[in-house]
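Here are my notes on this model, point by point. Please keep the structure open as you read.

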Amino acid sequence: MDIWELVQATKEKSDDEIAKMTSSLPVQLSPQEVKLVRPIFDKASIQWILFGPPAHIQKQIAEILGKNRTKKLFAYFNL
């Protein structure tokens, strides 16, 4: 799974489905975490893939997942 698949899934799938999808990632998201990051991912653009999410977005995600888990997730996606 790449970052764009995850972002697109937040637009089409339930929190539980996305949580199950993330089981293959180094950082698995709970349904509650999916619910919290969904509004953030709704703002995603192609620029995120090219340049990574903006600093303020990274901070919002880190507030939900914690710094270490966010770093692992971004490293996995090469962001």
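Which residues of α1 are buried?

1. **The buried side of α1.** Ile3, Leu6, Val7, Ala9 and Thr10 are buried in α1. Buried means under 20% relative accessible area, exposed over 50%, and partly exposed in between (1.4 Å probe, protein chains only). Seen down the axis of α1, the buried residues fall within an arc of 155°, so they line one face of the helix. That arc is taken from the directions from the helix axis to the C-beta atoms. These buried residues pack against α2 (15-21), α3 (31-41) and α4 (46-51).

2. **Basis of the model.** This is a predicted model: local features need pLDDT of at least 70, side-chain atom pairs count only at pLDDT 80 or more, and totals for chains, interfaces and linings use all residues. Residues are numbered from 1 along each chain as its sequence is written, and side-chain values use heavy atoms, with hydrogens and water left out.

3. **Overall fold.** The protein chain has six helices and zero strands. Helices (H or I, at least four residues) and strands (E, at least two) are DSSP runs, numbered from the N terminus. The radius of gyration is 11 Å, close to the 12 Å that the globule rule gives for 79 residues, so the chain is as compact as a globular protein of that length. The radius is taken over C-alpha atoms, and the rule is 2.2 Å times the number of residues to the power 0.38. Along its principal axes the C-alpha trace spans about 30 × 25 × 20 Å.

4. **Burial and contacts across the chain.** Buried residues make up 35% of the 79 residues. Take the contacts between residues at least 6 apart in sequence: 54% of them join residues at least 24 apart. Contact means heavy atoms within 4.5 Å.

5. **Thr10.** Where does Thr10 sit? Its place is in helix α1 (residues 3-12). Thr10 counts as buried because its relative accessibility is 3%. Leaving aside neighbours within four places in sequence, Thr10 is in contact with Ile18, Arg38, Phe41 and Asp42.

6. **Ala44.** This residue is found in the loop between α3 and α4. Is Ala44 buried or exposed? At 15% relative accessibility, Ala44 counts as buried. Beyond its neighbours within four places in sequence, Ala44 is in contact with Trp4 and Val7. Val7 is also one of the buried residues of α1. The C-alpha atoms of Ala44 and Ile18 are separated by 16 Å, with the two residues 26 apart along the chain.
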